[in-house]
Amino acid sequence: MRKRYIAGLLLLPALYFLNHEKKEPTPVSGFASERRLEPRIEPPKNAPERVNLESKTAPNFTTPSSTSSPSSEKSTSPRRMFVRGSSVALRNGPGKNSPILDRYDSGREIETFGVDGEWTRVRDLLTQREGWISSALLSGLKPDTLKKEETKPDHAPPLKILPLLSDSLIIQRLIAGSIANYPGSCPCPESRDRAGRRCGNRSAWARGGGYAPLCYANDITPAMITAFRSQQ
């Protein structure tokens with residue numbers, strides 16, 4: 001009996017140790033349980049920025065506005081001036097690259113009403129055509145008058161009264177001057193080209209859109225005749 005009692009006392013620690021080894025340890029209060037770490041997925045570098053739909057202010061999408069360069073033309077009060085130089089080009093715009101509308105000889109009277117840099121907007125008093133001429137080729141004095149004043153003798157001879165030109169003669173002079181100022185060989189339908197052929201529809205008068213030479217009496221207006229007489 002005593003031996004059994006002693007053997008039981010010796011087995012108690014072993015049974016106690018085996019019993020507690022099978023149980024899982026309980027977490028100690030006061031320490032947070034270990035959380036599972038998930039891998040962080042970063043967005044690609046070129047991904048579009050996410051818009052917060054809950055935001056009160058919508059994203060500001062701006063569209064580039066079309067920029068138009070304002071015209072630098074400055075209007076001036078009308079002033080009568082004269083062309084200086086031979087075969088001066090009347091252009092469609094301010095610049096040497098603008099199309100040529102007509103050519104004027106020295107002394108042609110025009111009216112200025114606008115300036116853009118080194119170019120002046122003019123209106124021909126004879127044909128009422130508007131265009132642009134280089135400001136350096138315009139003068140406030142008529143070139144012929146300026147030369148006469150420089151060489152004027154002390155005792156000027158009496159002025160001669162010129163006879164009044166008829167309308168038909170003025171029309172002929174206007175047509176002849178317009179054809180002479182045309183730089184090509186086909187100003188009018190009745191003109192002949194360098195090969196001797198009739199120009200017809202190949203002429204500047206028939207094509208239009210650029211040079212508009214005066215070819216027929218119907219092209220001359222009463223205002224042109226009046227302006228021609230006033231310049232004589």
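Helices (H or I, at least four residues) and strands (E, at least two) are DSSP runs, numbered from the N terminus. The model is predicted, so local features need pLDDT of at least 70 and side-chain atom pairs count only at pLDDT 80 or more, while totals for chains, interfaces and linings use all residues. Residues are numbered from 1 along each chain as its sequence is written, and side-chain values use heavy atoms, with hydrogens and water left out.

**Exercise 1. The helix α3**

Determine how the span of α3 relates to the expected value, and which residues of α3 are buried.

Solution. 
Step 1. The expected span of a helix is 1.5 Å times one less than its number of residues. Helix α3 covers residues 167-181, 15 residues in total, and its first and last C-alpha atoms lie 21 Å apart, close to the expected 21 Å.
Step 2. Buried means under 20% relative accessible area, exposed over 50%, and partly exposed in between (1.4 Å probe, protein chains only). The buried residues of α3 are I170, I171, L174, I175, S178 and N181.
Step 3. Seen down the axis of α3, these buried residues fall within an arc of 135°, so they line one face of the helix. The arc is that of the directions from the helix axis to the C-beta atoms.
Step 4. On the other side of α3, Q172 and A180 are exposed.
Step 5. Contact means heavy atoms within 4.5 Å. The cover over the buried residues of α3 includes β3 (100-104) and α5 (222-231).

**Exercise 2. The largest pocket and the largest cavity**

Describe the space and the lining of the largest pocket, then those of the largest cavity.

Solution. 
Step 1. On a 1 Å grid over the protein atoms alone, a cavity is a set of points where a 1.4 Å probe fits but cannot get out, and a pocket is an open set with protein on both sides within 12 Å along at least five of seven lines; lining residues have an atom within 4 Å of a point. Grid points are joined across faces, edges and corners, and a volume is the space filled by probe spheres set on the points.
Step 2. The largest pocket holds about 500 Å³ of space. Of its 24 lining residues, R108, L126, L174, G177 and N181 are the closest to its centre.
Step 3. At least two lining residues come from each of β3, α3 and α5, and α3 gives the most, with five residues.
Step 4. Ala, Val, Leu, Ile, Met, Phe, Trp, Tyr, Cys and Pro count as nonpolar, Asp, Glu, Lys and Arg as charged, and the others, Gly among them, as polar. The pocket lining has seven nonpolar, eight polar and nine charged residues.
Step 5. The structure holds one cavity of 30 Å³ or more. About 30 Å³ of space lies in the largest cavity, and its lining consists of D102, R129, S178, Y182, Y211, A212 and P213. By class, four of these are nonpolar, one is polar and two are charged.

**Exercise 3. Loop residues**

Is L125 buried or exposed, and which residues does L125 contact?

Solution. 
Step 1. L125 lies in the loop between β5 (119-124) and β6 (130-134). With a relative accessible area of 12%, L125 is buried.
Step 2. Leaving aside neighbours within four places in sequence, L125 is in contact with R80, E109, I110, E111 and A227.
Step 3. Q128 is also found in the loop between β5 and β6. Although Q128 is not a glycine, its phi is positive, about 60°.
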